[in-house]
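The sequence and structure come first.

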Amino acid sequence: MVKALEGVKVLDFTHVQSGPTCTQLLAWFGADVIKVERPGVGDATRKQLVDVDGADSLYFTMLNHNKRSITLDTKNPKGKEVLERLVKACDVLVENFAPGALDRMGFTWERIQELNPRMIMASVKGFGPGPFEDSKVYENIAQCAGGSASTTGFLDGPPTVTGAQIGDSGTGLHLALGIMTALFQREKTGRGQKVLAPMQDGVLNLCRVKLRDQQRLERGPLTEYSQYGEDIPFGDAVPRAGNDSGGGQPGRILKCKGWETDPNAYTYFITQAPVWEKICDVINKPEWKEDPEYKTPKARLNKLSHIFNTIEEWTMTKTKFEVMEICNPLDIPVGPILSMKELAEDQALRAAGTIVEVDHPERGKYLTVGCPIKLSDSPVEVRRSPLLGEHTDQILSDVLGYSAAEVEELKNAGATEPAKKMAAE
Ligand SMILES: CC(C)(COP(=O)(O)OP(=O)(O)OC[C@H]1O[C@@H](n2cnc3c(N)ncnc32)[C@H](O)[C@@H]1OP(=O)(O)O)[C@@H](O)C(=O)NCCC(=O)NCCS
């Protein structure tokens, strides 16, 4: 079956997490993703958080499926020639180097356009134009600079980062959308273009509702935040709201049966207004249905802690899955707190191809997260990540047309393999 992006060639200059997330998606959708790595070194994550001696780490393998790897020293004159040919042969160049690194290599946007006017050059950077544009940025810095940390955590605690990699993987997703949009536009114009996804902007985009609340705050207190009911005054910036729901309907994380020993025996519970009466029945408080102190969402706002404590008395008598089984048919929005262990074992996620077992020659079998976006006409088969330089010779000959003798010459010149030490050394 023809894949959605079959025929699209991606020059993948990405490393660590943000860029690789993007190019992995393109590869899953059928693009030929050619990952360029430094000879003898490769993507730094190959050797970060190593759990099996001598094998590529899970950090690397889980972000680089379905790609081919070519080793190329792009600062070596012969290596530069190969890179020029790759730029001419590919449709998209994706990179997440530190600001200016590509220019220092001699591959400015102007030069890339000269080589290939159809090229789409897509970059992740920490910040867009402005005072911080030259900074190197990692995940948690982006979470802090994009408004996530200041709005995550509890009111009486410090700013907190989230486990979801919204800075890196989130920006990779934004970049993938930018690339697809540019490819679509190129169909009409014939021209490539630059695509920039700054991590700060990506995180802020995901924190959109908090900028909404910032503006609401200027008109009065945020009544759905727990602190309103607790009579804690608001300051001039959106506060951390603990586990309050961001959607205007009060919600909390509540203990379930077994919470004393299981750190994940909890459920999320939303007291959504249209199902309030059903909630009252489930928790055995039918009198709250008609009591003016509880009947309307507004009346409930100043006693949310009491209400949730009462609901929790009920949830503590049930497992998180029993809460789900009881509430789901009644349209009461609840959700179990699932541990990574539970997710790894989840049969529905496995059947959907979202949790996938992959075999790897160095490390054996491991689990990964497969493609979370499902296309009915472009199914995804998750293939293992490439070993360092596994496809160097293949790419040089198949994609760029080098002869076997030329491939050998490039090796000897130190363009595709680490330069050989002098015999006298
Ligand atoms: C992630 C980041 C902080 C890492 O910084 P770093 O480890 O110093 O890596 P850099 O991107 O600066 O690259 C280091 C050097 O390797 C060089 N290099 C990379 N691949 C090469 C290759 N195949 N051949 C020769 N040189 C290569 C680069 O040209 C650069 O050289 P320079 O400093 O002389 O210009 C930085 O790349 C960054 O800020 N990226 C953008 C934001 C981002 O994506 N952050 C999240 C990462 S998950």
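This is a predicted model: local features need pLDDT of at least 70, side-chain atom pairs count only at pLDDT 80 or more; totals for chains, interfaces and linings use all residues.

Valine 36 has isoleucine 70 of strand 3 as its bridge partner, and glutamate 37 is bridged to threonine 71 of strand 3. Arg68 and Ile70 point one way from strand 3, while Ser69 and Thr71 point the other way. All four residues named here are buried.

## Nonpolar cores

The largest nonpolar core contains 35 residues. Val10, Leu26, Val92, Val94, Leu175 and Ile179 have the most contacts inside this core. Two or more residues come from each of helix 1 (18-28), strand 4 (92-95), strand 5, helix 7 (168-189), strand 6, helix 8 and strand 10 (355-358). In soluble globular proteins, nonpolar side chains tend to be buried together.

Setting aside residues up to four places away in sequence, valine 94 touches Val10, Leu11, Asp12, Phe13, Thr14, Cys22, Thr23, Ala122, Leu175 and Ile179.

Helix 1 is mostly covered, with 11 of its 11 residues buried. Among these buried residues are Pro20, Cys22, Gln24, Leu26 and Trp28. Glycine 30 follows helix 1 and has a positive phi, near 110°.

In helix 8, the buried residues are Met199, Gly202 and Val203. Viewed down the axis of helix 8, the buried residues fall within an arc of 95°, and they therefore line one face of the helix. These buried residues of helix 8 pack against strand 5, helix 6 (139-145), helix 7 and strand 6.

## Domains

The protein is divided into domain 1 (9-205 + 344-413) and domain 2 (243-332). The C-alpha centres of domain 1 and domain 2 are 43 Å apart.

## Loop residues with positive phi

Most residues other than glycine have a negative phi. Aspartate 231, in the loop between helix 10 (226-229) and strand 7 (251-255), has a positive phi near 60°. Aspartate 231 counts as exposed because its relative accessibility is 70%, against a cut-off of over 50%.

Asparagine 284 also has a positive phi, near 65°. Asparagine 284 lies in the loop between helix 11 (276-282) and helix 12 (297-300). With a relative accessible area of 62%, asparagine 284 is exposed.

Threonine 151 is in the loop between helix 6 and helix 7. Is threonine 151 buried or exposed? Its relative accessible area is 11%, so threonine 151 is buried. Apart from neighbours within four places in sequence, threonine 151 is in contact with Lys210, Val238, Pro239, Arg240 and Ala241. Threonine 151 and glycine 242 are 91 residues apart in sequence, and their C-alpha atoms are 8.7 Å apart in space.

Alanine 237 is found in the loop between helix 10 and strand 7. At 43% relative accessibility, alanine 237 counts as partly exposed. Alanine 237 is in contact with Gln214 and Leu217, leaving aside neighbours within four places in sequence. Between alanine 237 and lysine 411 there are 58 Å in space, C-alpha to C-alpha, and the two are 174 residues apart in sequence.

Technical notes. Residues are numbered from 1 along each chain as its sequence is written. Side-chain values use heavy atoms; hydrogens and water are left out. Two strands pair if DSSP finds at least two bridges between them. A nonpolar core is a set of buried Ala, Val, Leu, Ile, Met, Phe, Trp, Tyr and Cys residues joined through side-chain atoms within 4.5 Å. Buried means under 20% relative accessible area, exposed over 50%, partly exposed in between (1.4 Å probe, protein chains only). Contact means heavy atoms within 4.5 Å. Domain bounds come from an automatic or database domain assignment. The arc is that of the directions from the helix axis to the C-beta atoms.
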